[in-house]
Structure formats: C-alpha cells, structure tokens
Amino acid sequence: MLLLLGATGYIGQAFQTELTRRGERFVALSRSQVDYTRFQPLYEYLKANRPSFVVNAAGYTGKPNVDACESAKADTLQGNTLFPQALAHACAALDIPFGHVSSGCIFAGAWVDYGNGWVVEKDMTKPEFKAIAANSPEKIRGFDECMIPNFSFRDQPCSFYSGTKALGEEAIEGVGQNYIWRLRIPFDEFDNHRNYLSKIQRYAKVYNNFNSLSHRSDYVKACLDCWFQKVPFGIYNVTNPGYVSTAEVLEMIKDILKPAREFEFWENDDEFYTTGAVAARSNCIMDSGKLIEAGVEMRPVIEALKTTLNEWKPE
Ligand SMILES: NC(=O)c1ccc[n+]([C@@H]2O[C@H](COP(=O)([O-])OP(=O)(O)OC[C@H]3O[C@@H](n4cnc5c(N)ncnc54)[C@H](OP(=O)(O)O)[C@@H]3O)[C@@H](O)[C@H]2O)c1
C-alpha cells in the first residue's frame with residue numbers, strides 16, 4: 001500500500017488520478033484525519049500502517065501566490081522545511097522509502113556561454129541573454145542536480161517560499177531512502193486558477209522571462225515511474241526537457257486558442273516589482289537529463305505545450 005500526503009491539493013489530486021488510473025492500492029491521508037505534519041502522530045500512523053512507499057505532495061504554497069508566504073512565515077517554514085524533515089526522520093526510522101515534491105524555484109537564471117566559457121546568469125531579461133536565446137540556444141544550459149540552489153536563504157535574494165523549499169531539500173537529502181522531485185510551474189489542459197496557462201490568460205499584464213515547465217500529469221507519471229522502475233534514490237529535476245519564454249507561450253495561446261483579448265507585458269522588472277509583485281520571483285532553466293538518462297520519459301516542453309493547448313478544456 002502507498003501512502004499519499006497532500007492528496008487534496010493541486011498536485012496531490014494529480015497523484016490520486018494517476019494512482020487510480022494505474023490501479024495501485026493507496027491511501028490518501030489528510031490533515032483532517034491525522035495531523036501528519038507533526039512527528040509523533042505521523043510516526044505512529046506509519047508504524048501501524050507500514051506503507052511500502054510514501055508520496056509527499058503536501059506543503060505550504062501561499063494563496064493566491066507566493067507573495068502570501070511573506071506574511072505567513074511560520075506556516076511556510078513549518079509546511080516546507082520542518083514537516084518534510086519530520087517525515088524524512090519518521091520514514092528513515094521505520095525504513096520506509098518516500099518521494100517529496102520539491103520545486104525548481106530554488107534556482108534563478110541559467111548557465112550561458114557569452115563567449116568566454118560557461119557562467120551562471122541570474123538575469124535572463126538582459127538583451128545579451130535574449131540574443132543568445134534567439135540565435136545560439138546551444139549556448140544556454142539548465143541547472144542540473146549537482147548545482148547548489150542559488151535562490152535560497154544561503155544565496156539571496158530569494159522569496160521566503162523558495163528559501164523554505166531549498167532548506168527543506170537540505171533537511172531531507174540523504175536521510176533514509178528518498179526521491180526529491182523538483183516541479184516547476186505546473187500546467188495542463190484543465191483550465192484552473194492554479195494552471196500556468198490559465199494564469200497567463202487572466203493576468204492583467206504578463207511577465208516575460210525564460211523558464212522550464214512541468215506538465216502536471218507528465219510530472220506525476222514521471223515521479224511514480226521513479227519508484228516503480230526502481231530508479232536510484234536522489235534528486236531529480238522533473239521538468240519537460242527544454243525551456244520557453246512567456247512570450248513564446250503567449251504566441252502559442254494566441255495561435256491555438258485565439259482568445260478575444262489583447263495581451264500586455266510588464267515594461268521591465270522595475271515596473272513588475274513595484275506594481276505587480278511583493279516577493280522576488282524565480283525564473284530558471286532546469287536540466288532534466290538525469291531523469292531521462294534514468295529511463296523516465298518526459299515530452300519536450302514545446303510539444304507538451306502545443307498538445308495541451310490543442311486539448312484545452314475551458315472552465
Ligand atoms: N503548485 C505549484 O505551482 C507548485 C510548484 C512547484 C512546487 N510545488 C510544491 O508542490 C507541493 C504541493 O503544492 P500544491 O500546489 O498542490 O499545494 P496545495 O494545492 O496548497 O495543496 C497542498 C496540500 O498540502 C496539505 N498541507 C499540509 N500542510 C499544509 C500546510 N501547512 N498548509 C497548507 N496545506 C498543507 C493540504 O492537504 P490536507 O490538509 O488535506 O492534508 C493541502 O491540500 C508543495 O510542496 C509545493 O511547494 C507546487
């Protein structure tokens with residue numbers, strides 16, 4: 001029996017759907033039944049029920065967005081750092097392997113070769129970065145799992161949310177047997193206020209930057225494949241290979257969905273951060289090569305976006 005934590009959430013629901021589709025036996029546990037975020041009740045539950053594997057899709061995200069975490073720091077720290085740490089130690093004590101939903105938002109920027117070797121560029125809005133993306137995309141690389149998070153409490157600035165996610169990884173890495181599955185900007189064909197493609201269509205103004213993305217159902221399938229295919233434990237960037245700019249995504253939306261409205265971009269970071277956002281936002285390119293080399297399939301991001309938009313289901 002598998003145990004799924006956070007099953008009522010946006011990502012947890014996708015795990016439920018996929019586990020049901022696969023005919024896997026699982027229990028979806030909510031805090032309303034057992035407060036699994038505290039060590040003692042969690043340990044007792046695990047000891048009594050002995051799941052073969054635990055999927056942790058629970059965490060504190062901030063609603064409607066990460067800005068809310070700046071004013072709920074204790075809840076954010078508890079949900080994203082202290083709770084995963086408790087889970088890791090309870091699982092390790094009982095020899096139960098688990099997978100933890102982490103985030104790519106602990107990184108900023110990408111590796112780029114401007115002509116003098118590879119360097120990390122945190123600001124992908126620079127004209128010289130955009131020129132390389134347009135003309136020599138082979139000179140841009142994503143962050144792999146060996147890279148230390150550079151949008152974290154240890155490498156500031158960062159949002160409080162990102163800081164707690166990075167510290168969460170640090171607290172559980174190598175404790176017992178676990179997967180750390182990094183999710184990045186989920187999207188799929190179901191119109192929903194949590195879906196990146198819905199958000200873009202509803203924003204008053206769109207923020208343009210480069211990012212790697214994760215198709216929600218591709219993501220949960222890949223995570224479960226890690227466990228069922230016995231992929232070695234460790235950290236995995238679970239993103240659809242490649243990256244896109246928000247402007248490119250918007251062009252695909254215009255082309256395929258033909259929305260009635262016009263779209264406007266924030267002029268620059270100054271305008272975005274003085275008017276549209278409180279916390280610093282992570283924009284980053286991830287390298288999902290480790291996952292693919294381990295034999296887990298993910299569609300390239302452009303293909304996933306086009307197929308998704310062609311299958312779009314308005315709310
Ligand atoms: N959505 C994204 O854009 C995104 C991107 C990257 C990473 N992630 C990560 O994915 C995980 C799930 O995110 P989500 O978007 O599915 O979040 P969500 O919709 O808010 O759901 C999270 C679930 O976690 C449980 N939970 C446990 N402790 C909580 C707490 N202190 N506050 C709120 N909920 C708590 C709740 O389930 P019960 O109360 O029923 O147990 C809740 O339904 C998180 O770790 C998040 O950091 C999300």
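Predicted model: local features only at pLDDT ≥ 70, side-chain atom pairs only at ≥ 80, totals over all residues.
Let's start with the ligand. How many residues surround the ligand? There are 23, and the closest are Gly9, Ser30, Ala58, Gly59 and Gly79. Looking at which elements give two or more residues to that shell, we find helix 1 (10–21), helix 3 (73–94) and strand 4 (98–103). As for the make-up of the shell, 11 of its residues are polar, 8 are nonpolar and 4 are charged.

Now to the nonpolar cores. The largest one has 42 residues, and Leu4, Leu5 and Ala57 are those with the most contacts inside it. Take Ala57 as an example: leaving out residues up to four places away in sequence, Ala57 touches Leu4, Leu5, Gly6, Ala7, Gly9, Ile11, Gly12, Phe15 and Val101. There is also a second, separate core of 30 residues, and among its members are Phe129, Ala133, Cys158 and Cys284. As general background, nonpolar side chains tend to be buried together in soluble globular proteins.

Finally, have a look at Gln201, which sits in helix 6 (residues 196–202). Why does Gln201 count as partly exposed? Because Gln201 has 18 other C-beta atoms within 10 Å, and a buried residue would need 20 or more. Setting aside neighbours within four places in sequence, Gln201 is in contact with Ile253 and Pro259. Ile253 is 52 residues away from Gln201 along the chain, yet their C-alpha atoms are separated by 8.3 Å.

Conventions
Residues numbered from 1 in each chain as written. Near = placed C-beta within 6 Å. Helix = DSSP H or I, 4+ residues; strand = E, 2+ residues; numbered from the N terminus. Nonpolar A, V, L, I, M, F, W, Y, C, P; charged D, E, K, R; others polar. Buried ≥ 20, exposed ≤ 12 C-beta atoms within 10 Å, placed from the backbone. Contact = placed C-beta atoms within 7 Å. Core = buried A, V, L, I, M, F, W, Y, C linked by C-beta atoms within 7 Å.
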